[in-house]
Every structure is written in structure tokens, then in C-alpha cells.
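Let's walk through this one in question-and-answer form. Have a look at the model before we start.

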Amino acid sequence: MRRFSLRENILYSYKTYGHLLKRTFLTARGTQARLTPRRFAVMLVFSAVLLVLQTVHWLAYIADELLFPGYKKVAVRNPLFIVGVPRSGTTFLHRFLAADTEHFTTFSLWELILAPTITQRKIVHKLGVLDRLAGGPAKRMIDLLERRAFSGLDAIHKISLSDPEEDYFALAPIYACFLMILPFPFPEELRYLAFFDDAADDTDKERIMAFYKTCLQRHLYVHGNDRILLSKNVSFGPMVKTLARAFPDCRIVGTVRNPEYAVPSHISSMMEGAALFDNDIQGDTYRDQMIDVQRYAYTHLAEVLPRLPANRYMTVTMESLQNNLHDVIADLYQRFGYTVTPAFDWFLRLETRKQQAYKSVHHYDLAAYNLTQEDIFHRFSDVYHRFGYIPPVADAENEPAGSSAMGR
């Protein structure tokens, strides 16, 4: 794998930022990013915050090269990647595996968005020590702000700065994070990330994987190389072929879910994000773009993962996680050669009972997206057949209680 220099990545980052800024404020007419007064105001603030944050991060990356060059020698051994169809329980599985701290280390949200570098994390750790000595006033303030900022998202994706989180944010500095499609809804610019293995050119593949590897090396440098790097990234579903080539000893878990529920859940979550930036999501165009993303994810996972050796991949349905969490994870550990400790086994059994009793609070109306159950079955009939899902019953309107809670 070619190692791109820090200078190359920085230049690429600012060049891309300038290009997307030009598209946003000068050439957005007739696109989903049409510049309404509200979108203009939101993007003015967002682009300024993004520029400041990215600049701080790049300065910290430079500091890493000067202060901690030893991170480059860290080996990323046998990483475990959780990928999957959007809204298919990847977050749910990730957070349970992350609880096994004897085996795994993973990214938390604060590390990804506030401290992706070694330098920043060491500064934050030092400040944390000082705050604890002072009685924790800064922590209490952060907890309060966090509750106010994220409380409205709990039904879709519970967020906390200290929780394990999807590491697509690690790729934001080089604009390889698919969520950038929300503030910058220009499909011709960023949508290749959703069809990565087939749409990205070799240079993009090498650049993104090389940068991502340095992210994992930095994390292991801080947390120690005695545990397995655990990654969860729905955006990696379209990248599994490239990912397996870049990390030839990795293990990959791919999650899927009945399209009848996964598709509208994905559309719902993406539309809410798009609405935040006042994107044009009227009509069926945006909906159909999200359906195309979903279709590719199902098909690509089903075609690529089975090409790996049996002890390097596993496909898991969200429904099996909901009903048999303990057994699914036990099977996963056996396949990948991990050992379930007594403490973790007890934890899984307890959480399995809780999950089976859980009732969802997130609901969505297919009619709101001009869809019916029959429409979804028609578009995803091969998926129903491939994964053994039962075609929808004409008079069924809602998902069984509990399923939607795991659609993260």
C-alpha cells in the first residue's frame, strides 16, 4: 500500500474544501443544494466551523509527526470490521463487542470528532486529570451540553461523546466520509463513496486506505497494541473488497436486515440529516438515490464476503441479533477464534433478555416516502430470496416491536 505524505493529504483536504465551497455558494442552482436563505446561513456557519476544526486537526497531525513518529511502526493485527447495510444493527453489535475490553479497543465519538490525533488525545487526557482533581466541573458541563444537544436523536441513533462510535468520522479530514453528502449534496462529487469498490479509481482507493491505516495506528499507539482494533463503519459496506485487500488478516462481519424495514429507516434518517441543511428532498429523486445506495450494499456484501475464507467473515441478520444475541456473538467468537470470558458471557445473557423485552420508539410511514411494502419487495426481491426474508403481507403496516430499536 502506498503511503501518501502528510503534505499530500493536507493539500488534497483544502483543495477539496475549496471546491465544495465553490459548488455550495456559486454553482448550486438546480441541484439539491439550491441556496435558500436558510441553507445559506446554515452553510456559512458549518463551513466556518469545518474549516477551523480541520485546521486544528491538521496542525495536530503535523505535531504527531514531530512528537510521536513511532506510531508508524505500530502493526494493525487482525482488525475486526463491522460493516453492513445502513440501519441493520451495526451500532447495536458494535457496542456489545466493544464492551469486551479484554479483547477489543475501539474509537469513541469524542476521539473521532475532537481528538483524532495522538497529540490531541494526550492533551485531553491531561486536562481530564486536572478536571478530576478540581472535582469535575468541566465534565459536568460537557455532560449537560451533550444531553441538550443529542437528546432529540435518541430514537434514531443514541449519541454520547464517550460511547463507541462509527469511525467514518476518522476519514472526514480527507473528505472520504459519506456523511459529507448531507452538507454537500453533490452526487457527482462524493457519491462514489457509496459504490466504492466499483466506482473509485485506484488512486482514491490507495489514498483512503493508507490514511485510514494511519488512523488505526494512532489509536493503537495511544491505547496499546495488545488488543484487537474493533471498527464499525456502515460506509465500509461498499468498500469490503478494498478493505480486505488493504488489511489481509482482517475479520469482517456484515449485517443485513429485512428491506421492508431497513429501507424506510435509512431514508428517514438521511432525510432528517438533509433537512438540517435545508437540502431539496422533495419528490422521489433523493429517496431513489438512497434506495440505490441500499441496493448496492445488499448486493455487494452478498457477493464479496463469501469470497473470503470462512474464518474471516460472517454475515449476521439484525433479526437474529434481536432474538438470539448471545448465540450470535458466541458463534462469531468461535468462528474468529476468540474466547468468551465468563464475565462477558454473563453480560450477554443479561442483555439478551433486555433486548427481547425492548419495544421500539422509532416508527416511520412508508406513505411519507411514496412507497408501499410491495414497492420495496419489487425493488429488493432478490434480497428477500437471498437472505430468506418472507415477502410482505398486504395488510401489514408496522414492524414487530423491538426491531426498529436496533436499526443503527
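A cavity here is a set of grid points where a 1.4 Å probe fits but cannot get out. The model is a predicted one.

Q: Which helix gives the largest share of the lining of the largest cavity?
A: This cavity holds about 50 Å³ of space. Its lining is made up of Gln-32, Phe-178, Ile-181, Pro-185, Pro-187, Arg-191, Tyr-286, Gln-289 and Met-290. By class, that's six nonpolar, two polar and one charged. The largest share is three residues, and they come from helix 12.

Q: What span is expected for helix 12 at 1.5 Å a residue?
A: Helix 12 covers residues 285-304, which makes 20 residues. The expected span is 1.5 Å times one less than the number of residues. From first C-alpha to last the helix reaches 28 Å, close to the expected 28 Å.

Q: Which strand supplies the largest share of the lining of the second largest cavity?
A: This cavity has a volume of about 40 Å³, and it's lined by Gly-254, Thr-255, Val-256, Leu-301, Ala-302, Leu-305, Thr-315 and Phe-387. Five of these are nonpolar and three polar, with no charged residue. Helix 12 and strand 4 (251-256) each put in at least two residues. The largest share, three residues, belongs to strand 4.

Q: Is Tyr-175 buried or exposed?
A: Tyr-175 sits in the loop between helix 6 (137-150) and helix 7 (187-190). Its phi is near 55°, a positive value in a residue other than glycine. Most residues other than glycine have a negative phi. Because its relative accessibility is 2%, Tyr-175 counts as buried.

Technical notes:
Residues are numbered from 1 along each chain as its sequence is written. This is a predicted model: local features need pLDDT of at least 70, side-chain atom pairs count only at pLDDT 80 or more; totals for chains, interfaces and linings use all residues. Side-chain values use heavy atoms; hydrogens and water are left out. Helices (H or I, at least four residues) and strands (E, at least two) are DSSP runs, numbered from the N terminus. Buried means under 20% relative accessible area, exposed over 50%, partly exposed in between (1.4 Å probe, protein chains only). On a 1 Å grid over the protein atoms alone, a cavity is a set of points where a 1.4 Å probe fits but cannot get out, and a pocket is an open set with protein on both sides within 12 Å along at least five of seven lines; lining residues have an atom within 4 Å of a point. Grid points are joined across faces, edges and corners, and a volume is the space filled by probe spheres set on the points. Ala, Val, Leu, Ile, Met, Phe, Trp, Tyr, Cys and Pro count as nonpolar, Asp, Glu, Lys and Arg as charged, and the others, Gly among them, as polar.
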